[in-house]
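Good morning, and thank you for joining. I shall go through the side-chain interactions of one model, taking each kind of interaction in turn.

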Amino acid sequence: MKSYEERELLQDIRSDVSLKRYAALKQLYALCFSSVKNYVLKNSGTLEDAKDIFQDGATAFYYELLSDKFREEASLNTYLFSICKNLWLLKLRRQLKQSMVAIEGMENISEEMASKELDVTKIKELINSLKKDCQTLLIGFYYEQKSMRELMELFGLGSEQVARTKKLRCMSNLIDLVRDRGLTFESFLR
């Protein structure tokens, strides 16, 4: 059975009054974020990862609550934590799968090739073929190691998720250039 405070919090989250709903979501954050943050940090994540996962989990919870899919059989903290935990595990699985694909592709590189240096001028030429904003974003992220928040502010984007999406599109454009030009790993070696 839910405590009175949790029932009231659920009602406020469902409220049509935006200030009431905002206050309730802020309270939900205060109640639940620390357990999600601790879990993500203990499982190969960063504070930024924890914030992203919590945001996604809270959004999923909100829509489940509005569509009456939340049956109130568990506490809010337990329920939201399980959503966030599953989202984090899914993200880790995807990252592992991407890493495995990259490693499988690298298996074909001979020791001789691995000992060669990358031709930075060829990489620069390729990056310079992109639109200016993609050049700035990719160089900022990969070479200057700027955070998503810094990139979001640099480009005047609405959120870090928008910055991530933009980075993904820019990388996709770069990959398309590599494919269109028939380039391989060997193309970038001296």
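Let me begin with a definition: rings of Phe, Tyr and Trp (its six-membered ring) pair if their centres lie within 6.5 Å, and planes under 30 degrees apart count as stacked, over 60 as edge-to-face and the rest as tilted. Before applying it, I note that this is a predicted model, in which local features need pLDDT of at least 70, side-chain atom pairs count only at pLDDT 80 or more, and totals for chains, interfaces and linings use all residues. Residues are numbered from 1 along each chain as its sequence is written, and side-chain values use heavy atoms, with hydrogens and water left out.

A search of the whole structure finds six aromatic pairs. Helices here are DSSP runs of H or I, at least four residues, numbered from the N terminus.

How exposed are the two partners? For this I use relative accessible area: buried means under 20%, exposed over 50%, and partly exposed in between, with a 1.4 Å probe and protein chains only. Y29 counts as partly exposed at 39%, while F54 counts as buried at 6%. A further edge-to-face pair joins Y39 and F81, at 5.5 Å centre to centre and 85 degrees between the planes. Y39 lies in helix α2 and F81 in helix α4, so this pair ties together parts that are 42 residues apart in sequence. Y39 is buried at 18% relative accessibility, and F81 is partly exposed at 25%. Ring pairs also link Y29, F33 and F54 into a cluster.

Rings meet charges as well. A charge sits over a ring if NZ of Lys or CZ of Arg is within 6 Å of the ring centre and within 35 degrees of the ring normal. The charged end of K166 sits over the ring of F155, 5.6 Å from its centre. K167 lies over the face of F141, at 4.5 Å from the ring centre.

I turn now to the salt bridges, each defined as a side-chain nitrogen of Lys or Arg within 4 Å of a carboxyl oxygen of Asp or Glu. How many does a search of the whole structure find? The count is eight salt bridges. In one of these, the side chains of K91 and D49 meet with N and O 3.5 Å apart. K91 lies in helix α4 (residues 76-106) and D49 in helix α3 (residues 47-66), so the pair ties together parts that are 42 residues apart in sequence. K91 is partly exposed at 25% relative accessibility, whereas D49 is buried at 16%.

Another salt bridge joins E160 and R149, whose closest N and O atoms are 2.9 Å apart. With E160 in helix α9 and R149 in helix α8 (residues 148-155), the pair ties together parts that are 11 residues apart in sequence. E160 counts as buried at 9%, and R149 as partly exposed at 38%. Both residues belong to a network of salt bridges that links D52, R149, E160 and R164. K146 and E144 also form a salt bridge, their closest N and O atoms being 3.4 Å apart.

Next come the cysteines. With a disulfide taken as a pair of cysteine sulfur atoms within 2.5 Å, the count comes to one disulfide. Its partners are C134 and C170, with sulfur atoms 2.1 Å apart. The torsion about their S-S bond is about -75 degrees, so the disulfide is left-handed. C134 lies in helix α7 (residues 132-143) and C170 in helix α9 (residues 160-180), so the pair ties together parts that are 36 residues apart in sequence. Both partners are buried, C134 at 5% relative accessible area and C170 at 1%.

C32 is buried at 1%, and C84 is buried at 2%.

E6 is buried, with a relative accessible area of 16%. Taking contact as heavy atoms within 4.5 Å, E6 touches S75 and L76, not counting residues up to four places away in sequence. The backbone nitrogen of L76 lies 3.4 Å from a polar atom of the E6 side chain.

How values were computed
A polar contact is a pair of N or O atoms within 3.5 Å; within protein, one must be able to donate a hydrogen and the other to accept it, and residues adjacent in sequence count only if both atoms are side-chain atoms. Helices (H or I, at least four residues) and strands (E, at least two) are DSSP runs, numbered from the N terminus.
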